[in-house]
Amino acid sequence: MSFPINRRQALLAITAAGLTRGASAQATPPALADMHTHLGRRTSAGSSLDLAAEMKANRVLLAAWAYSSDRHWIKRMPDGIHQVAEPNPARIAQGMREELRFSRRYAEENGLGLVLTAADVDRALAGRPSVVLAAEGADFMQGRMALLDEAYEGGLRHLQLVHYSRNAVADIQTASPQHGGLSEFGRELLRRAQARGLLVDLAHCSETAVRQALEVSRRPMVWSHGWVDDGPGSFDDRLGWLRRRLSLANARAIAAAGGVVGLWGLGLSRPTGAWPVGRNDPKGYARALRALVERLGSDHVALGTDLAGVGESGSVNSYGEVRQVIEALQAAGLSAEALAKVAHGNYARVLRAALATG
């Protein structure tokens, strides 16, 4: 039995509308989480963008807002970043106190949540953009364990063990080793941090320090930002971005322990086969993320943009451009489930697990 033409057209229109709504719902991009950003902080790379405005405009629900406590004692040089002086113990500790106070005040004044507990992670994912106060390096402690407790009370919840300065904790990727991996103080710091309820971040640690940290750790950890190559970087590699390689073996070990590896947003003026991502190149960043998902699995890869940290060498320079990365992954056929994990779910999972121990 045939329908009159007007009825047939009406049915087709209703069907098409339903399909369009379904496709639209499926195509809705996921919320974002960033395991490492400096946006809105005073850095040598700098950025005029406002963190809160960027987060709200682009559905960034979690951002590890990193402060590099050694920033006054390091310098960007043609071959990379190097330590140029020994930190003043009193000044570096006071700088961390001031930055934590500034961060809490900024979050409150700009309507951002502050992640202190596992429940705060859930509130963020329910729709409230929130910051996780992060230290890029434990240099501010200067070997004094009491300063960990002070920083925790000040709101610190994400602790990267090392940065570009030699410290009492562990060897770094970009300078010759002095501890043989983790120091005894570093081992105790890792245990204490996890017991207090901080997420431990291994970025910038030497390969040996990463392996030793995995032996000591009782909780999933992250490598918040960097890149993964078949082999590790070495402190005497020609350029800084080469030194910052994490070996695939150690990346897989972090993943096997339940952790997450964050891919940075570095862009090279002349991309190479090793790192084929250019400046202002969101699609290239998306391809690198997709390749890492294929190597580690979608449960263990996340964004670690380093916005306002890599400066003019960014493949992305705003969260609007990070949105383009997610759109490119979506267009390339990454499943909705995998996309949500990479975009925000994996960082939320390990952060929640770390905070729940406190």
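Strands are DSSP runs of at least two residues, numbered from the N terminus. Two or more residues of the lining come from each of β2 (60-67), β3 (74-77), β4 (80-83) and α8 (240-243).

Rolling a probe the size of a water molecule over the atoms shows where empty space is left. Across the whole structure, one cavity of 30 Å³ or more is found. The largest cavity contains about 30 Å³ of space. Around this cavity lie Arg-166, Asn-167, Ala-170 and Asp-171, together with Ile-172, Ser-176, Pro-177 and Gln-178. Sorted by class, the residues lining the cavity are three nonpolar, three polar and two charged.

Attention then turns to a pair of helices. Two packed helices are described by the angle between their axes and the distance between the axes. Here the pair consists of α4, which covers residues 118-125, and α12, which covers residues 336-355. Their axes come within 8 Å and cross at roughly 155°. Angles over 145 degrees count as roughly antiparallel, and α4 and α12 are therefore roughly antiparallel to each other. On the α4 side, the contact is made by Ala-118, Val-121, Asp-122 and Leu-125. The α12 side brings His-344, Ala-348, Leu-351, Arg-352 and Leu-355 to the contact. By class, six of the residues in this contact are nonpolar, one is polar and two are charged.

A last point for a reader new to the structure concerns confidence in the prediction. The chain has a mean pLDDT of 92, and 91% of its residues reach 70 or more. Residues 1-26 have a pLDDT below 50, and this stretch has four contacts in the model beyond near neighbours in sequence.

Terms used:
Residues are numbered from 1 along each chain as its sequence is written. This is a predicted model: local features need pLDDT of at least 70, side-chain atom pairs count only at pLDDT 80 or more; totals for chains, interfaces and linings use all residues. Side-chain values use heavy atoms; hydrogens and water are left out. pLDDT is the predictor's confidence in each residue, from 0 to 100. Contact means heavy atoms within 4.5 Å. Axes are lines fitted to C-alpha atoms, for helices over the stretch in contact, and angles run from 0 to 180 degrees between N-to-C directions. Helices (H or I, at least four residues) and strands (E, at least two) are DSSP runs, numbered from the N terminus. Angles under 35 degrees count as roughly parallel, over 145 as roughly antiparallel, 65 to 115 as roughly perpendicular and the rest as oblique. Ala, Val, Leu, Ile, Met, Phe, Trp, Tyr, Cys and Pro count as nonpolar, Asp, Glu, Lys and Arg as charged, and the others, Gly among them, as polar. On a 1 Å grid over the protein atoms alone, a cavity is a set of points where a 1.4 Å probe fits but cannot get out, and a pocket is an open set with protein on both sides within 12 Å along at least five of seven lines; lining residues have an atom within 4 Å of a point. Grid points are joined across faces, edges and corners, and a volume is the space filled by probe spheres set on the points.
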